[in-house]
Amino acid sequence: MVSGERDGYRFRLVPDKSVGEADPIKHYKIIAQPAKRLSRLQRSYYTDETGVIRFTEEKREPASTDPPLEPPNER
């Protein structure tokens, strides 16, 4: 696991260690949570090797079952 903090969020990269140590990592998850919760609706984010960014506004760790973040409207 690797972690760090930037712009008020704590980031964690969690590789799937179910494969052997010498095998390349094929599955992982990245979690970003507020370092300090400033409002009730502050989002936490989740992504994995699929590239889909998901979020939750609940005070818990985000998961692969959370709704996807919608791309911004293009003009």
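1. Some ground rules: two strands pair if DSSP finds at least two bridges between them, and strands (E, at least two residues) are DSSP runs numbered from the N terminus. The model is a predicted one, where local features need pLDDT of at least 70, side-chain atom pairs count only at pLDDT 80 or more, and totals for chains, interfaces and linings use all residues. Numbering starts from 1 along each chain as its sequence is written, and side-chain values use heavy atoms, with hydrogens and water left out.

2. On to the sheet. Five strands make an open sheet in the order E1-E2-E3-E4-E5, and the pairing is antiparallel. Strand E1 (2-6) and E5 are the edge strands, each with a single partner, so one side of each has no neighbour in the sheet. From one strand to the next the twist averages 15°, taken between lines fitted to C-alpha atoms, with angles running from 0 to 180 degrees between N-to-C directions.

3. How many bridges join E1 to strand E2? There are 5, and E2 covers residues 9-15, with the two strands running antiparallel. Within that pairing, Val2 has Leu13 as its bridge partner in E2, while Gly4 stands opposite Phe11. Of the 5 residues of E1, the number buried is 0, so E1 lies largely in the open; buried here means under 20% relative accessible area, exposed means over 50%, and partly exposed is in between (1.4 Å probe, protein chains only).

4. Have a look at Asp7, in the loop between E1 and E2. The hairpin of these strands has 2 residues between them, and Asp7 has a positive phi of about 50° although it is not a glycine. As background, most residues other than glycine have a negative phi. Asp7 is also exposed, at a relative accessible area of 68%.

5. The aromatic count comes to 1 pair, using rings of Phe, Tyr and Trp (its six-membered ring) with centres within 6.5 Å; planes under 30 degrees apart are stacked, over 60 edge-to-face, and the rest tilted. Tyr9 and Tyr45 form that pair, which is tilted, at 6.1 Å centre to centre and 50° between the planes. The pair links distant parts of the chain, 36 residues apart: Tyr9 is in strand E2 and Tyr45 in strand E4 (residues 44-48). Tyr9 is buried at 18% relative accessible area, whereas Tyr45 is partly exposed at 24%.

6. Buried or exposed: which is Thr56? This residue of strand E5 (residues 54-56) is buried, with a relative accessible area of 4%. Leaving out residues up to four places away in sequence, Thr56 touches Gln42, Arg43, Ser44, Pro62 and Asp66, where contact means heavy atoms within 4.5 Å. A polar atom of the Thr56 side chain also lies 3.1 Å from the backbone nitrogen of Glu58.

7. Two arginines to finish. Arg43 lies over the face of Phe55, 4.0 Å from the ring centre; for a charge to sit over a ring, NZ of Lys or CZ of Arg must be within 6 Å of the ring centre and within 35 degrees of the ring normal. Arg40 is in the loop between strand E3 (28-34) and E4, and is exposed at 73% relative accessible area. Arg40 and Glu58 are 18 residues apart in sequence, with a C-alpha to C-alpha distance of 7.8 Å.

Key:
Polar contact = N/O pair within 3.5 Å; in protein donor to acceptor, adjacent residues only side chain to side chain.
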